[in-house]
Amino acid sequence: MSTIVTAASGQLGRLVVEVLLARGAAPESVVATSRDVSKLADLAERGVRTAELDYARPDTVAAVIGAGDVVVLISSDAVGQRVAQHTAVVDAAKAAGAARVVYTSAPKATTSALVLAPEHKATEEHLAASGVSATVLRNGWYTENYAGEVATARESGVVSASVGDGRVASASRRDYAEAAAVAALDDSTAGRTFELSGDHAWNWDELAEAVAGITGTPVRYESLTPEQHAERLRGAGLDEGTVGFVVALDGNIRDGLLAETSGDLRALIGRPTTPLAEGLRAASAE
């Protein structure tokens, strides 16, 4: 049996491989996959098996997955194409007789109004209908998503958003990667869905404080209306599709859709999640 990690050349997938090894998985039992295998050369040098797997080419997916394998399906970043791409992996896992699929989904994917939820909802439904044993990890927001605020605030002294008093229970990418690795190695997680998020739901005043601690300069939160936010994004040269997405996401945060602190992530990884300031500092140093 092998543990197959998709998108292992990406930021989350690579960390999943690293955590698998750190938690005692034999390198030869791990298969790191990517569209571009050359990006996995350093892992191959450490004894990890590597293989080409392109979500958009089902033949490459079927060639990698075997009977008894655990497949860590890192969700695609190709918005609008995710369902077809994830379906290819689930179908290949079923055809091969894989033991389990560990899927990185979105918070409350099947019921949430979160702008990102629909493709994850469709994937979860297809996974359930397939009959393949699954562990669903509904990853919350990543602290690294706000690393750009550090550079911006260093110049402007401001973090701005149209989230109102909304809160985000973010965690670091490493936290989520560790959860995926734990789930892959622990068969008792089969058939379960975990709502993963950080231990503390912070607001934008706290974000400004954390950013100020990194920049060493005063930083304040500027609360925008959705209309003001959209206009500012257009002024920065963003296309209408991106403007609409960003403003809608801030609306989701304003409505509390990323604020839940379920405790599932802390329980799964066996330690507290990474605090906002610590995660931001690490991300801004990368």
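Let's start with E144. E144 is buried, yet has no salt bridge. Its nearest side chain of opposite charge is R173, 4.2 Å away. Buried here means under 20% relative accessible area, with exposed over 50% and partly exposed in between, using a 1.4 Å probe and protein chains only. A salt bridge needs a side-chain nitrogen of Lys or Arg within 4 Å of a carboxyl oxygen of Asp or Glu. For charge, Lys and Arg count as positive and Asp and Glu as negative; His and the chain ends are not counted.

A word on the source. This is a predicted model, where local features need pLDDT of at least 70, side-chain atom pairs count only at pLDDT 80 or more, and totals for chains, interfaces and linings use all residues. Residues are numbered from 1 along each chain as its sequence is written, and side-chain values use heavy atoms, with hydrogens and water left out.

Back to E144. What does its side chain reach? The backbone nitrogen of R173, at 3.0 Å. Leave aside neighbours within four places in sequence, and E144 is in contact (heavy atoms within 4.5 Å) with A171, S172, R173 and A283.

Where does E144 lie? In the loop between β6 (134-139) and α6 (148-156). These labels are DSSP runs numbered from the N terminus: helices are H or I, at least four residues, and strands are E, at least two.

Now β6 itself. Why is β6 largely enclosed by the rest of the structure? Because six of its six residues are buried. A134, V136 and R138 point one way; T135, L137 and N139 point the other. In a regular strand the side chains alternate between the two faces of the sheet.

Next, the partners of β6. Strands pair if DSSP finds at least two bridges between them. Strand β5, residues 100-105, runs parallel to β6, joined by five bridges. S105 stands opposite R138. The chain gets from β5 to β6 through helix α5, residues 117-130, in a right-handed β-α-β crossover. Right-handed means that, with the strands pointing away from the viewer, the path from the first strand over the helix to the second runs clockwise. β6 also pairs with strand β8, residues 193-196, in the parallel sense over four bridges. There, V136 stands opposite T193.

Strand β4, residues 70-73, runs parallel to β5 through four bridges. V70 has R100 as its bridge partner. From β4 the chain crosses through helix α4, residues 82-96, to β5, and this crossover is right-handed.

Conventions
A polar contact is a pair of N or O atoms within 3.5 Å; within protein, one must be able to donate a hydrogen and the other to accept it, and residues adjacent in sequence count only if both atoms are side-chain atoms.
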